[in-house]
Amino acid sequence: MVMHNYVGINDMTVIKEFSVNYYIPNTGKCSWDEEERYCVLEKWGDLKKDAEGAEKYIDIAFNKRKQPISEKVKVYPK
């Protein structure tokens with residue numbers, strides 16, 4: 001059995017640049033792989049508890065700049 005957690009990412013819950021770039025392609029699928037997400041999303045409480053864990057996610061986000069998904073990012077979408 002596959003479980004999905006719902007994360008409400010849209011223009012009403014986060015800034016527009018984040019909502020348009022979190023799921024790429026943003027096609028209404030019900031599941032995305034790590035390679036299909038440009039942005040990294042983690043709970044603040046989890047990052048605050050574990051400094052090494054926070055550094056890991058900072059590195060993941062930084063490295064996304066050179067991955068193929070970065071070519072699909074929209075900056076200041078209309």
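How many aromatic pairs does the count come to, and in which helix is Ala-61 found?

A: This is a predicted model in which local features need pLDDT of at least 70 and side-chain atom pairs count only at pLDDT 80 or more, while totals for chains, interfaces and linings use all residues. Residues are numbered from 1 along each chain as its sequence is written, and side-chain values use heavy atoms, with hydrogens and water left out.

The count comes to zero aromatic pairs, where a pair needs ring centres of Phe, Tyr or Trp (its six-membered ring) within 6.5 Å, with planes under 30 degrees apart called stacked, over 60 edge-to-face and the rest tilted. A ring does take part in another kind of arrangement, since Arg-65 lies over the face of Phe-62 at 3.7 Å from the ring centre (CZ of Arg or NZ of Lys within 6 Å of that centre and within 35 degrees of the ring normal).

Ala-61 belongs to helix 3, which covers residues 51–63, in a chain with three helices and zero strands (DSSP runs of H or I, at least four residues, or of E, at least two, numbered from the N terminus). Ala-61 is partly exposed because its relative accessible area is 34%, which falls between buried, under 20%, and exposed, over 50% (1.4 Å probe, protein chains only). Across the chain, 22% of the 78 residues count as buried. Ala-61 and Tyr-38 are 23 residues apart in sequence, yet their C-alpha atoms are 7.7 Å apart in space. Among contacts in the chain with a separation of 6 or more, 43% come from residues 24 or more positions apart (heavy atoms within 4.5 Å).
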